[in-house]
Amino acid sequence: MNPELLWVFIPTIAAISLTPGMCMTLAFTLGLSQGYRRTLWMMWGELAGVATVVVTSVLLLAWIRSLSTIYFTALALIGGSYLLLIAYRLWTQPAHFEQGEGQQPALAPLALATLGYTTAIMNPKGWGFMIALLPGFMSPEYSTTQQLTVFLSVMLTSEFLFMNLYASGGSGLRRLLTSEQQLVRLNKISAALMVSVALLVLTKM
């Protein structure tokens, strides 16, 4: 990845990770019901799921690029438009925690890890977001392996840090992130970053 793009990629991923979606809400509810240490098992599973989505998405995009630039350009157009739609929704829709399912006490470590993995890979929004986002940051000047290493490093680090924040945050984090004003501000920051990334994707076509 172009080093200059890295300074756009990192805050974009950080802002999206901090937004209370499925995985972060799961980390929060398990942190309250299972405790932080047991929630770590879910985190490892979720990180493995995110890695699966990222690796699959990057390899798919690299394969599409190898076929013809017209296919990659068409995908970038669709992806950029999708990112603008996400930005619009973040900016206009009411901010709230996504509903998480109630968890039974004392879940086994394997069950927690499986729950985290399936939550990550079964989320269609996650796949759509990766396919839409990554074309703006992929470059033929760098190998797929180099770029994949950067993507995984940034995304897994961001996911792990913010899942830890949610899992250990308790009532203080809940008061912060369930405040309508705070969530609206966070969503608008994320929306602004989505617009900048969408423009990046569309201008690289």
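Predicted model: local features only at pLDDT ≥ 70, side-chain atom pairs only at ≥ 80, totals over all residues.
Let me turn to the aromatic rings, of which the structure holds three pairs. A pair of aromatic rings is described by the distance of the centres and the angle of the planes. For Phe-9 and Phe-151, the ring centres are 5.3 Å apart and the planes stand at 50°, so this pair is tilted. Since Phe-9 belongs to helix α1, residues 3–18, and Phe-151 to helix α7, the pair ties together parts of the chain that are 142 residues apart in sequence. Both of these residues, Phe-9 and Phe-151, are buried.

That brings us back to Trp-44, which forms an aromatic pair with Phe-160, and here the geometry is stacked, with 5.3 Å from centre to centre and 15° between the planes. Trp-44 sits in helix α3 and Phe-160 in helix α7, so this pair ties together parts that lie 116 residues apart in sequence. Phe-160, with a relative accessible area of 26%, is partly exposed. I would also point out that ring pairs link Phe-9, Phe-137 and Phe-151 into a cluster.

Staying with helix α7, which spans residues 144–177, we find Thr-149 there as well. Thr-149 has a relative accessible area of 45% and is therefore partly exposed. In sequence, Thr-149 and Val-55 are separated by 94 residues, whereas in space their C-alpha atoms are 9.4 Å apart.

My last topic is the packing of helix α3 with helix α6. How do the axes of these two helices cross, and at what angle? The axes of α3, residues 36–67, and α6, residues 124–133, come within 10 Å and cross at roughly 40°, and the two helices are therefore oblique to each other. The crossing in which α3 passes α6 is right-handed. On the α3 side, the contact is made by Thr-52, Val-53, Val-54, Thr-56, Ser-57, Leu-60 and Leu-61, while α6 contributes Gly-126, Trp-127, Met-130 and Ile-131. Sorted by class, this contact of α3 with α6 comprises seven nonpolar and four polar residues, with no charged ones.

Definitions and conventions:
Residues numbered from 1 in each chain as written. Heavy atoms only, no water. Axes fitted to C-alpha atoms, helices over the stretch in contact; angles between N-to-C directions. Helix = DSSP H or I, 4+ residues; strand = E, 2+ residues; numbered from the N terminus. Parallel < 35°, antiparallel > 145°, perpendicular 65-115°, else oblique. Left-handed = near helix turned anticlockwise from the far one by under 90°. Contact = heavy atoms within 4.5 Å. Nonpolar A, V, L, I, M, F, W, Y, C, P; charged D, E, K, R; others polar. Buried < 20%, exposed > 50% of the residue type's maximum accessible area, 1.4 Å probe, protein only. Phe/Tyr/Trp six-rings, centres within 6.5 Å; stacked < 30°, edge-to-face > 60°.
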